[in-house]
Amino acid sequence: WGVAANDTILLLAEQLGGHVQVPGAIVADVATPASQDVAQPYMLMSAVSSDAMSADKASSRWLGRVSENTRISAAVIDLLVDHHDRKLSNVMVTEQGEVSLVDPDSVFGAKSSAYRSSFFPGERLGYSSQMTSAKDLPWQARDLIDALTSATVAEIQGTYGISAEQALGMQQRAKLVQDHGLTSAIARHVATLKTKRDTSRD
């Protein structure tokens, strides 16, 4: 499921204008000492920039260079796919502020408890713009939200390679953004989750 989830996130990132990077992923059989040389399936992701490091280890200067559009795009993605594990250690960042999203398997309620996405307001990489209406979104995000709310569940399912239940959830969260703006949509969604705190930068 991790590869399929990564493909969904990659497509969303492309539709949002490519402000966020998402490494490609495949499943391959890999033999390890722990498996006693018996090949086991593992998800392998393509390498991110050699200059990138985990955001929980990056300096405040590096994190401060992440653009507002990148922060908004990542927040939209994490809301739409209901990402439960977007803590700082699952974000790669370069000195120039370029961002790559890794660890795609904790989506669509895959975990019972959740970290607030690091890109949500108030978090270390959270956006700061006023997002009180869907009209406040960058145009690519507005177009994406409009497309998701006007599509059928079957169309969303086919486009993103997800189940009908997941497609319906994505559409419902897009509708929250359309009706209440991104910030309120995030708050309403987070209120339904059992959240835990990312202490990696405390």
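Predicted model: local features only at pLDDT ≥ 70, side-chain atom pairs only at ≥ 80, totals over all residues.
Leaving aside neighbours within four places in sequence, Leu 80 is in contact with Leu 12, Phe 108, Leu 144, Ile 145, Leu 148, Met 170, Arg 173 and Ala 174. Leu 80 also belongs to the largest nonpolar core, which has 49 residues. Leu 80, Leu 137, Met 170 and Leu 182 are the residues with the most contacts inside this core. Helix α3, residues 68-80, gives the core its largest share, 7 residues.

The protein chain holds 7 helices and 7 strands. Along the sequence, their order is α-β-β-β-α-α-β-β-β-α-α-α-α-β. Of the 202 residues in the protein chain, 46% are buried. Among contacts with a separation of 6 or more, 68% join residues 24 or more positions apart.

Two helix pairs were examined next. Two packed helices are described by the angle between their axes and the distance between the axes. For α4 and α6, the axes come within 8 Å and cross at roughly 125°. The two helices are therefore oblique to each other, as this angle falls between the perpendicular range, 65 to 115, and the antiparallel range, over 145. The crossing of α4 and α6 is left-handed. On the α4 side, the contact is made by Ile 145, Asp 146, Leu 148 and Thr 149. On the α6 side, it is made by Met 170, Gln 171, Ala 174, Lys 175, Val 177 and Gln 178. By class, this contact of α4 with α6 has 5 nonpolar, 3 polar and 2 charged residues.

Thr 149 lies in helix α4. The C-alpha atoms of Thr 149 and Arg 173 are separated by 9.1 Å. Along the chain, these two residues are 24 residues apart.

Helix α6 (residues 164-180) also packs against helix α7 (residues 182-190), with axes that come within 7 Å and cross at roughly 135°. That makes α6 oblique to α7. The crossing of α6 and α7 is right-handed. Here Arg 173, Leu 176, Val 177 and His 180 in α6 meet Leu 182, Ser 184, Ala 185, Arg 188 and His 189 in α7. The residues of this contact divide into 4 nonpolar, 3 polar and 2 charged.

Met 131 is found in the loop between β6 and α4. Met 131 and Leu 182 are 51 residues apart along the chain, yet their C-alpha atoms are separated by 5.4 Å. Not counting residues up to four places away, Met 131 touches Ile 72, Asp 136, Leu 137, Gly 181, Leu 182 and Thr 183. Leu 137 and Leu 182, both in this list, are among the residues with the most contacts inside the core. Is Met 131 buried or exposed? Its relative accessible area is 4%, so Met 131 is buried.

Ser 118 is placed in the loop between β6 (113-115) and α4 (139-150). Ser 118 counts as buried because its relative accessibility is 4%, under the 20% cut-off. Not counting residues up to four places away, Ser 118 touches Arg 86, Lys 87, Leu 88, Glu 123, Arg 124, Leu 125, Gly 126 and Asp 198.

Asp 82, in the loop between α3 and β4 (91-93), has a phi near 55°, a positive value in a residue other than glycine. Asp 103 is found in the loop between β5 (99-101) and β6. Asp 103 is not a glycine either, and its phi is positive, at about 60°. Asp 103, at 23% relative accessibility, counts as partly exposed.

Definitions and conventions. Residues numbered from 1 in each chain as written. Heavy atoms only, no water. Axes fitted to C-alpha atoms, helices over the stretch in contact; angles between N-to-C directions. Helix = DSSP H or I, 4+ residues; strand = E, 2+ residues; numbered from the N terminus. Parallel < 35°, antiparallel > 145°, perpendicular 65-115°, else oblique. Left-handed = near helix turned anticlockwise from the far one by under 90°. Contact = heavy atoms within 4.5 Å. Nonpolar A, V, L, I, M, F, W, Y, C, P; charged D, E, K, R; others polar. Buried < 20%, exposed > 50% of the residue type's maximum accessible area, 1.4 Å probe, protein only. Core = buried A, V, L, I, M, F, W, Y, C linked by side-chain atoms within 4.5 Å.
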